[in-house]
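I opened my notebook to look up how the inside of this protein is packed. My notes follow the display.

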Amino acid sequence: NLVNLFKEKLGFHVETFVNLSVYAIRQLLEAIRNVDHTNLSCFALIILSRGKTNDIYGADTSVVGINEVIDNFSDTKCGSLVRKPKLFFFQTIIENDHITRVPLESIHPPSDSFLVFINPNHRSRVDVSGISKIVQALEAGNRTDTISTIFESTEELKSGGIINRLEPNFFFCTAELKNDRDYLFRECKMAYNVWSFIRRDTVDCLRLNKREILKIVKKVRKTRVF
């Protein structure tokens, strides 16, 4: 389980979101980008998707490109993550019989980042074991030969790709801070920063569309009465 791996073993603060539209994905990325990561040592983003191409599909079947996603965390747009490791994992199940290898030369991850793209065929169930293996390899040490071996020996990774822009001496900061007061304070602050932005944006949207929302509510009430 990726949540347990990142949260319990690696000490990450983890937020999980499911079935988001592309609009919601963009709003969420903006919220995370605006969080102050100054006191945090590492950032990881995992996106699981299903669609007809290597792009990221929202629940509304709209598409957002990989470069648009990772550009939110470039040095110019997310200054508090400069010179900090950024891990990106994308897994897209392609719904056709012709799996095309993702063109890595067209992907432009930010500095100090590690990007993995996996695209198993349409017969594959949602299986994140490949991602888990790569994360565990990173935890053991950022060795290119070890990670390459994982790609070659794991069936679902063979059509994927990897871009490694991490420092050779990268390691996860997994010191025993789980019960530390400062760690818990930072975890609460992170959750607050992400959710407060989303909540504020939601409230603003409701305020702008107040009349339309009330019309819908009144219509539903009348339908139920009659």
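These entries go from the nonpolar cores to one strand and its partners.

Entry one: the model. I am reading a predicted model.

I looked up the largest nonpolar core and found 22 residues in it. L45, F73, F88, F90 and L115 have the most contacts inside it. The largest share comes from α2, with five residues.

I found another core lying apart from the largest one. This one has 17 residues, including F6, F12, L87 and I118. I noted that nonpolar side chains tend to be buried together in soluble globular proteins.

Entry four: L115. I left aside its neighbours within four places in sequence and listed its contacts. They are I66, I70, F88, F90, I107, P109, G161, I162 and I163.

S113, L115 and F117 point one way. F114, V116 and I118 point the other way. In a regular strand, side chains alternate between the two faces of the sheet.

Entry six: the partners of β5. I looked at β4 and found it parallel to β5, joined by six bridges. Here F90 stands opposite F117. I then turned to β6 (residues 161-164), which pairs with β5 in the antiparallel sense over four bridges. There F114 stands opposite N164.

Notes:
Residues numbered from 1 in each chain as written. Predicted model: local features only at pLDDT ≥ 70, side-chain atom pairs only at ≥ 80, totals over all residues. Heavy atoms only, no water. Core = buried A, V, L, I, M, F, W, Y, C linked by side-chain atoms within 4.5 Å. Buried < 20%, exposed > 50% of the residue type's maximum accessible area, 1.4 Å probe, protein only. Helix = DSSP H or I, 4+ residues; strand = E, 2+ residues; numbered from the N terminus. Contact = heavy atoms within 4.5 Å. Pairing = 2+ DSSP bridges.
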